[in-house]
Amino acid sequence: VAALAGDASRRRVRRDVEHLRFLDRRPGRQHDVGEDDAGHEIGAVALQLGILVGGVLYLGFAMFQEIRRSRNLISDQGAQLAQVKDEISKTSDQLGDISKRTGDLQNSLSLAVKLRSDYGAGVCLIAGSFYFVEAGTGRPLRYAEAQMNDSGSAVQSSAPEALTAEGNAAIAEYEFVGSGFYVGNGFVMTNRHIVQPWIADDRAQSISLKAQPRLKRLIAYFPEYPQAIPLKFKAAAQRDDLAVCLLDLPEIPENIPVLPLETDTDAVAVGKTVVMMGYPSGPDRLLALLDEPEARGIQQRYGTPMAQLGYLAETKRIQPLTTQGSITDLDVRRIVYDARTAEGGSGAPLFGPTGRVIGVNFAVFTENQASNFAVPIRFALNLLERNGWQPPPKEGKELETAGQSSRPSESASR
């Protein structure tokens with residue numbers, strides 16, 4: 001019985017299995033199984049795409065953040081770089097300013113030396129003499145007849161009040177000295193009271209007789225020229241202490257440089273450096289530069305200042321004094337400066353920081369060495385141009401020399 005029951009059970013299980021296999025082989029069942037597989041595949045692909053898209057988005061966002069951070073960093077670095085450049089520019093400007101000031105200081109310290117070398121030979125010592133004639137008769141005024149002293153020696157008075165138009169005594173003649181400078185075309189610039197010395201001469205003011213002055217001699221001594229050059233008075237300003245003369249020579253010496261004249265009004269200001277170049281104290285200063293025995297010998301051999309100057313010119317001892325200072329005050333018609341000068345420096349050129357002449361010295365205040373006076377050069381330019389002078393074609397160190405300058409016509413109006 002047990003064996004039969006086991007066989008029946010086995011047959012029943014085998015029949016159920018066969019039935020399940022039959023169901024699995026049906027077309028409809030196979031189709032359901034394929035759809036399930038496709039769904040699984042689509043889900044896997046979607047999952048993969050989701051993962052891929054998420055990764056791409058994550059990477060993109062990370063890259064965006066990195067780019068933004070890099071841009072911010074670059075912007076910050078650019079701002080820092082601009083700030084550094086600005087600081088460098090400011091430092092460069094400061095260094096440039098310091099360099100310019102240093103250069104200006106060096107030029108200022110060497111200005112007098114440079115100007116002396118370039119233009120000293122164009123600054124002349126002007127000398128001359130004048131006398132008086134009696135008004136109406138034209139007779140020259142003479143010293144009074146010699147008087148005899150107690151010892152029997154002749155005594156001659158040179159006092160102005162002792163002058164007379166009578167007698168045969170020596171004609172009263174007065175010598176003077178001053179300064180001037182060459183400006184080209186044969187023109188020499190100086191002061192009116194130099195070419196008309198009786199204007200400021202105390203001796204002339206004290207003459208009691210009615211007399212008229214007469215200029216007897218007017219000459220110029222240039223440092224590099226061994227002979228006196230005659231000067232011809234050309235014109236004088238009515239208001240300012242200015243005058244122009246002509247070198248009375250058929251041919252102007254080539255070694256006389258033309259001094260450049262300043263035309264820029266901004267070159268003249270209080271505090272700016274100036275250089276004065278002239279002949280204060282005349283022959284006395286030139287003799288003082290020599291050894292005492294030599295100077296004494298010249299004075300003994302050549303009695304008058306004019307004769308002494310002739311010898312000094314022949315031996316090339318005529319050299320201008322060069323001093324440096326600053327402008328201390330200004331007004332429309334005068335420049336006040338503190339470069340040292342003295343009597344005899346009238347008519348000297350006053351150079352500005354550009355190396356051009358900014359004024360013509362005309363007075364010295366003896367009680368205050370910081371108060372020497374010069375006429376602004378623009379007034380001299382007006383006087384020169386009215387009398388036929390023409391500015392040289394070049395300025396500075398390449399200025400035309402005197403030998404290249406043409407002479408003005410003698411018919412130019414005064």
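Leaving aside neighbours within four places in sequence, Ser346 is in contact (heavy atoms within 4.5 Å) with Gly178, Ser179, Asn191, His193, Ile194, Asn361 and Phe362. The model is a predicted one, in which local features need pLDDT of at least 70 and side-chain atom pairs count only at pLDDT 80 or more, while totals for chains, interfaces and linings use all residues. Residues are numbered from 1 along each chain as its sequence is written, and side-chain values use heavy atoms, with hydrogens and water left out.

Ser346 sits in the loop between E11 and strand E12 (349-351); helices (H or I, at least four residues) and strands (E, at least two) are DSSP runs numbered from the N terminus. With a relative accessibility of 13%, Ser346 counts as buried, a term that means under 20% relative accessible area, against over 50% for exposed and in between for partly exposed (1.4 Å probe, protein chains only). Its side chain makes a polar contact of 3.2 Å with the side chain of His193. Such a contact is a pair of N or O atoms within 3.5 Å; within protein, one must be able to donate a hydrogen and the other to accept it, and residues adjacent in sequence count only if both atoms are side-chain atoms.

Asn191 is buried, its relative accessible area being 0%. Through its side chain, Asn191 reaches the backbone nitrogen of Gly347 at 2.6 Å. Beyond residues up to four places away in sequence, Asn191 touches several others, including Asp241, Leu242, Ala243 and Val360. Between Asn191 and Gly178 there are 8.6 Å from C-alpha to C-alpha, at 13 residues apart in sequence.

Strands E6 (residues 211-221) and E7 (residues 229-236) run antiparallel and are joined by 2 bridges, with Ala220 opposite Ile229.

Elsewhere, strand E9 (residues 273-278) is joined to strand E10 (residues 321-331) by 6 bridges in antiparallel fashion, and Val274 has Gly325 of E10 as its bridge partner. E10 also runs antiparallel to strand E11 (residues 334-337), with 4 bridges. These two strands, E10 and E11, form a hairpin with 2 residues between them.

The largest nonpolar core has 46 residues, and Phe181, Met189, Leu242, Leu261 and Leu312 have the most contacts inside it. A core of this kind is a set of buried Ala, Val, Leu, Ile, Met, Phe, Trp, Tyr and Cys residues joined through side-chain atoms within 4.5 Å. Helix H8 (residues 377-386) gives the most to this core, with 6 residues. Apart from this core lies another, of 30 residues, among them Tyr143, Phe176, Tyr182 and Val195.

Overall, the protein chain has 8 helices and 14 strands, and buried residues make up 37% of its 414 residues.

How values were computed:
Pairing = 2+ DSSP bridges.
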